Amino acid sequence: MEKKLITEAYKIRFEYFNIYENKENRWHEKYKNHDLYSIVVKSLKYNYKEIGLMMPKLILEEFAH
């Protein structure tokens, strides 16, 4: 289950940077009700070198509650 969540979070993050570049508000509108939205938004403060380590941690923190 966790791997599926991580994969989905990476996909959503990828869209933010590659499909919705300069149209970020549209991305937020599309995903604002998605279960992983808050996690992906938090992940945006990390660069591509850090995200491989941070995304699993962010997901664990969110769903550990």
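1. The axes of helix 1 and helix 2 approach within 9 Å and cross at roughly 155°; axes here are lines fitted to C-alpha atoms, for helices over the stretch in contact, with angles between N-to-C directions running from 0 to 180 degrees. The two helices are therefore roughly antiparallel to each other, a label given to angles over 145 degrees, whereas under 35 counts as roughly parallel, 65 to 115 as roughly perpendicular and the rest as oblique. On the helix 1 side, Lys 11, Ile 12, Glu 15 and Tyr 16 take part, and they meet Glu 24, Trp 27, His 28, Lys 30 and Tyr 31 of helix 2. By class, the residues of this contact are four nonpolar, one polar and four charged. Nonpolar covers Ala, Val, Leu, Ile, Met, Phe, Trp, Tyr, Cys and Pro, charged covers Asp, Glu, Lys and Arg, and the others, Gly among them, are polar.

2. This is a predicted model, in which local features need pLDDT of at least 70 and side-chain atom pairs count only at pLDDT 80 or more, while totals for chains, interfaces and linings use all residues. Residues are numbered from 1 along each chain as its sequence is written, and side-chain values use heavy atoms, with hydrogens and water left out.

3. Helices (H or I, at least four residues) and strands (E, at least two) are DSSP runs, numbered from the N terminus. Along its principal axes the C-alpha trace spans about 30 × 25 × 20 Å.

4. Helix 1 covers residues 2–18; its 17 residues should span 24 Å at 1.5 Å a residue, and its end C-alpha atoms are 24 Å apart, which agrees. The expected span is 1.5 Å times one less than the number of residues. Its buried residues are Ile 6, Ala 9, Ile 12, Arg 13, Glu 15 and Tyr 16, and these pack against helix 2 (24–31), helix 3 (37–43) and helix 4 (51–63). Buried means under 20% relative accessible area, exposed over 50%, and partly exposed in between (1.4 Å probe, protein chains only).

5. Two of these residues deserve a look. Ile 12 is buried at 1% relative accessibility. Beyond four places in sequence, Ile 12 touches Trp 27, Tyr 31, His 34, Leu 36 and Val 40, contact meaning heavy atoms within 4.5 Å. Ile 12 and Val 40 are 28 residues apart in sequence, yet 7.2 Å apart in space, C-alpha to C-alpha. Glu 15 is also buried, with a relative accessible area of 9%. Leaving aside neighbours within four places, Glu 15 contacts Tyr 20, Trp 27, Lys 30 and Tyr 31.

6. Ser 43, in helix 3, is buried with a relative accessible area of 0%.

7. Asn 22 sits in the loop between helix 1 and helix 2 and is exposed, at 70% relative accessible area. Phi of Asn 22 is near 70°, a positive value in a residue other than glycine. Most residues other than glycine have a negative phi.
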